[in-house]
Amino acid sequence: MTLSRCPAIGCEMPTNPGMFMCRPHWFGLPKPIRDRVYQCWRAYLRDRQSEQLIDHAEICDEAIRFTAEKEGRAPPGPADQRAARLRLRLLADMRAERGAAS
Ligand SMILES: [Zn+2]
């Protein structure tokens with residue numbers, strides 16, 4: 001797996017495998033958002049339903065939007081593009097995981 005970059009707009013920090021954002025951005029999120037990111041991901045790992053993956057992508061979008069607004073950066077356009085890339089990355093990780101599990 002290639003090292004990923006933090007999806008926050010303007011952030012160039014690499015993220016560790018399995019981490020959604022770099023440490024400063026992740027801990028800059030309100031706890032309810034962080035909890036929800038984990039909850040959605042765990043639910044998906046448990047049931048493997050594509051709707052759960054979409055729920056997860058949506059809360060990730062929200063986290064990216066929240067971070068952009070907090071930092072006074074323009075949110076929707078670029079954030080959505082980054083979220084789309086993140087989604088593809090998640091799908092790739094997922095396939096890799098499934099391959100490893102079976
Ligand atoms: Zn970051």
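Predicted model: local features only at pLDDT ≥ 70, side-chain atom pairs only at ≥ 80, totals over all residues.

Student: OK. How many helices and strands are in the chain?
Tutor: The chain has 4 helices and 2 strands. Their order along the sequence is β-β-α-α-α-α.

Student: And how much of the chain is buried?
Tutor: Of the 102 residues, 19% are buried. As for contacts with a separation of 6 or more, 38% of them link residues 24 or more positions apart.

Student: Helix 2 and helix 3, then. At what angle do the axes cross?
Tutor: Roughly 160°, and the axes come within 8 Å. Helix 2 covers residues 31-47 and helix 3 covers residues 50-70. The angle is over 145 degrees, so helix 2 counts as roughly antiparallel to helix 3.

Student: Left-handed or right-handed crossing?
Tutor: The crossing of helix 2 and helix 3 is left-handed.

Student: Which residues make the contact?
Tutor: From helix 2, they include Ile-33, Val-37, Trp-41 and Tyr-44. Helix 3 contributes residues including Leu-53, His-56, Ile-59 and Phe-66. By type, the residues of this contact divide into 11 nonpolar, 2 polar and 4 charged.

Student: What's in the largest nonpolar core?
Tutor: That core has 11 residues, among them Phe-20, Met-21, Leu-29, Ile-59, Ile-64 and Leu-86. Helix 3 supplies the largest share, 4 residues.

Student: You listed Leu-86. What is Leu-86 in contact with, leaving aside neighbours within four places in sequence?
Tutor: Pro-7 and Cys-60, with those sequence neighbours left aside. Cys-60 is itself one of the core residues, and Cys-60 also takes part in the contact between helix 2 and helix 3.

Student: Switching topic. Where is His-25 found, and is His-25 buried or exposed?
Tutor: His-25 is in helix 1, residues 23-28. His-25 counts as buried because 22 other C-beta atoms lie within 10 Å, and the cut-off for buried is 20 or more.

Student: Which residues is His-25 in contact with, again leaving aside neighbours within four places?
Tutor: With those left aside, Cys-6, Ala-8, Cys-11 and Thr-67. Cys-11 is 14 residues from His-25 along the chain, and their C-alpha atoms are separated by 8.9 Å. Cys-6 and Ala-8 also belong to the largest nonpolar core.

Student: What about Ile-9, where does Ile-9 lie?
Tutor: Ile-9 sits in the loop between strand 1 (4-5) and strand 2 (14-15). Ile-9 has 19 other C-beta atoms within 10 Å, so the residue is classed as partly exposed. Its C-alpha atom is 6.2 Å from that of Ala-68, which is 59 residues away along the chain.

Key
Residues numbered from 1 in each chain as written. Axes fitted to C-alpha atoms, helices over the stretch in contact; angles between N-to-C directions. Parallel < 35°, antiparallel > 145°, perpendicular 65-115°, else oblique. Left-handed = near helix turned anticlockwise from the far one by under 90°. Contact = placed C-beta atoms within 7 Å. Nonpolar A, V, L, I, M, F, W, Y, C, P; charged D, E, K, R; others polar. Core = buried A, V, L, I, M, F, W, Y, C linked by C-beta atoms within 7 Å. Buried ≥ 20, exposed ≤ 12 C-beta atoms within 10 Å, placed from the backbone.
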